[in-house]
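Please study the sequence and the structure before reading each solution.

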Amino acid sequence: MKSSKTTGWRTAAAFLLPSMIGFIVFSVLPMITLLFISVTEWDGLSELTVFSDFGGFMDKFFVGLANYTNILQSKEFYQVVGNTVKYVGLYIPLILLLSLAVATVLNSKIKGVGFFRVVYYIPVITSWVAGSLIWKWVLSPEFGIINEMLRVIGIEGPKWLQSSFWAMPAIVLASVWKDMGYFGLMLLSGLQGINRQYYEAAEIDGAGRWNKFLHITLPLLSPTLFFVMIISLITSFQIFPQVMIMTPDGGPGGSTMVMVERIYKYGFKYYEMGYAAAYSWILFAIILVLTLIQMKLQKKWVTYDG
């Protein structure tokens, strides 16, 4: 028995080794390096000798926790967090509702459903550069199609990306358009995994469409919904390309400044790599805490008995 267990571990280790090497080289080592950089004032232009001459590197650049305290005491950080919370508060409910609607449509037996699956997925494979430029035109106050449609019904549309109030909702619209097909396909796989016998039994008992959705679909889809919520929350805190392309200067009054955009600008525009590294670790801590909270709360609403 012991020999069989040992052989099993060796076989598992042999399969896991390539991915573990990649994980250590491309994830763990950069994270450790970033941790050391975050307590320095390294500018990214000087030679990085954190491995070859660690003592000399620290003697030259070490500033302790100054980067972290400066970030946490700055007004900009709380504005960035506020902008991100605004994005998350708009994006998560919208993406969940619309992805679920897309999944429900794609799970139906309508004619040409295969065509609609391709159409919904096209934004996912569209590059963010192309998608953002399209949305800049769509949201243009003078030439955009959204304001043109609003004018038809007598409403004067906002200036979207030129407005400190509407810039972030505009970013949310573009993000939902891009991600809806991706999360919709995830939820579609969850819907197709539900045993049809539950619905047949409910129909025999006289349950209507709404009751079947509320008491069968939602509980049995909750593991997939939970996964989508985790992934969408993490990606929400990491939004970057759409912000940089649609509002390259952080939006009017800094209304679209977000964490990764700040990290990029401090690192590669202002050459304050230590400050950017500290920002990265704070972002990591925020995502980790929120994910742990979600993992804890899942016991109250996620059903794995289907």
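Domain bounds, as used below, come from an automatic or database domain assignment. The model is predicted, so local features need pLDDT of at least 70, side-chain atom pairs count only at pLDDT 80 or more, and totals for chains, interfaces and linings use all residues. Residues are numbered from 1 along each chain as its sequence is written, and side-chain values use heavy atoms, with hydrogens and water left out.

**Exercise 1.** State the bounds of the domains and how far apart their C-alpha centres lie.

*Solution.* Begin with the assignment: domain 1 covers 3-66 and domain 2 covers 74-300. Next, take the C-alpha centres of domain 1 and domain 2, which are separated by 32 Å.

**Exercise 2.** Describe the interface of domain 1 and domain 2.

*Solution.* First, count contacts (heavy atoms within 4.5 Å): ten residues of domain 1 meet nine residues of domain 2. Second, consider buried area, the accessible area (1.4 Å probe) that two parts lose on being put together, summed over both. Domain 1 and domain 2 bury about 780 Å² between them, with 77% of it on carbon and sulfur atoms. Of the area that domain 1 buries against domain 2, Met31, Leu34 and Ser38 supply 44%, more than any other three residues.
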